[in-house]
Amino acid sequence: MLEVKALSVRYGRHLALENAALQVKSGEIVVVLGANGAGKSTLIKAVSGLVPHAPGGRISLEDQALHALPSHKIVDAGLALVPEGRHLFSTLTVAENLSLGAFLPRTRAAAAESLEIVFSIFPKLKQRLTQIAGTMSGGEQQMVAIGRALMTRPKILLLDEPSLGLSPLLTSELFRALPGIAQRGIGVLIVEQNTHQSLAISQRGYLIEKGCIVGEDSAQELLKSPAVQKAYLGG
Ligand code: ATP
């Protein structure tokens with residue numbers, strides 16, 4: 001289980017994340033919903049060690065403390081981030097991008113098995129191994145980015161706005177694959193503005209506003225909640 005406690009991030013004088021706490025269990029899909037600038041990316045980057053957090057923050061994965069580790073050690077501990085905008089090597093092939101995910105000594109030997117896991121989740125990628133990543137559609141590129149993160153054999157997968165720039169149809173194709181990842185025992189934490197589609201595949205959700213987590217409930221309750229309807233679903 002991933003457990004985050006008292007996590008705060010400052011950019012200069014601006015407090016972008018204040019005292020955030022959340023949990024993601026193995027095999028669970030959890031979404032953090034918030035508007036533009038609410039602090040979603042800051043939260044996910046702080047958990048991954050990509051932005052420093054204020055003293056006192058605690059991040060642990062199955063009782064291993066991550067909050068003092070550099071980001072590459074956090075990946076090695078089992079936390080993989082798919083960043084906003086995907087950050088693929090656009091001139092390399094799909095196969096090359098995927099194999100770059102297996103860079104850790106503990107994952108290199110298992111790369112062939114990891115690749116089969118990726119194909120079981122995204123069968124389309126098996127037919128596209130020689131395609132140059134930059135020539136793929138946005139949805140396909142997101143699949144490669146998630147596949148590359150899966151090659152690190154994570155316990156927890158962090159997705160920063162995976163639906164950004166995708167049509168509702170491509171988003172639903174992508175989101176349909178996420179339960180298959182969770183069924184392998186991997187916890188999935190998504191930060192999203194796409195309330196409907198992300199709640200539909202999640203078990204639980206948190207609401208973030210102005211850097212603070214202001215609500216938490218089951219996905220079913222959040223979909224019904226008048227506050228969520230008003231703030232996020234245009235209800
Ligand atoms: P979006 O959906 O637009 O990406 P978000 O919810 O992910 O928004 P963040 O990117 O985490 O929000 O930003 C939270 C706040 O922190 C915003 O006010 C943003 O302007 C500010 N911020 C983010 N990164 C930096 C930075 N490197 N330096 C200064 N301020 C920053």
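A: The following account begins with the ligand and its surroundings, and then turns to the elements and the pocket.

The model is a predicted one. In it, the ligand is surrounded by 14 residues, of which Asn36, Gly37, Ser41, Thr42 and Glu161 are the closest. Sorted by class, this shell comprises 7 polar, 4 nonpolar and 3 charged residues.

The backbone of Gly39 places a polar atom 2.9 Å from an oxygen atom of the ligand. Lys40 contributes through its side chain, a polar atom of which also lies 2.9 Å from a ligand oxygen. The side chain of Gln193 has a polar atom at 3.3 Å from an oxygen atom of the ligand. As for overall cover, the ligand on its own has 640 Å² of accessible area, and the protein covers 59% of this.

With regard to secondary structure, β2 (14-24) and α1 (40-47) each provide at least two residues of the shell. The greatest contribution comes from α1, which gives 3 residues. Helix α1 is itself largely enclosed by the rest of the structure, because 7 of its 8 residues are buried. Buried here denotes a relative accessible area under 20%. The buried residues are Lys40, Ser41, Thr42, Leu43, Ile44, Ala46 and Val47. Just after α1, Gly49 adopts a positive phi of about 80°.

The largest pocket of the protein may be set beside this site. The space within the pocket is about 440 Å³. Its lining consists of 20 residues, and those closest to its centre are Val75, Ala80, Leu81, Phe103 and Thr152. Two or more lining residues come from each of α2 (71-77), β6 (79-82) and α7 (138-150). By class, the lining of the largest pocket contains 13 nonpolar, 6 polar and 1 charged residues, whereas the shell around the ligand has 4 nonpolar, 7 polar and 3 charged.

Val118 belongs to α5 (residues 111-121) and is buried, since its relative accessible area is 0%. The C-alpha atoms of Val118 and Gly147 are 5.5 Å apart, although 29 residues separate the two in sequence.

How values were computed
Residues are numbered from 1 along each chain as its sequence is written. This is a predicted model: local features need pLDDT of at least 70, side-chain atom pairs count only at pLDDT 80 or more; totals for chains, interfaces and linings use all residues. Side-chain values use heavy atoms; hydrogens and water are left out. A residue is near a molecule or strand if one of its heavy atoms lies within 4 Å of it. A polar contact is a pair of N or O atoms within 3.5 Å; within protein, one must be able to donate a hydrogen and the other to accept it, and residues adjacent in sequence count only if both atoms are side-chain atoms. Accessible areas come from the Shrake-Rupley method with a 1.4 Å probe; for residues, only the protein chains shown count as cover. Helices (H or I, at least four residues) and strands (E, at least two) are DSSP runs, numbered from the N terminus. Ala, Val, Leu, Ile, Met, Phe, Trp, Tyr, Cys and Pro count as nonpolar, Asp, Glu, Lys and Arg as charged, and the others, Gly among them, as polar. On a 1 Å grid over the protein atoms alone, a cavity is a set of points where a 1.4 Å probe fits but cannot get out, and a pocket is an open set with protein on both sides within 12 Å along at least five of seven lines; lining residues have an atom within 4 Å of a point. Grid points are joined across faces, edges and corners, and a volume is the space filled by probe spheres set on the points. Buried means under 20% relative accessible area, exposed over 50%, partly exposed in between (1.4 Å probe, protein chains only).
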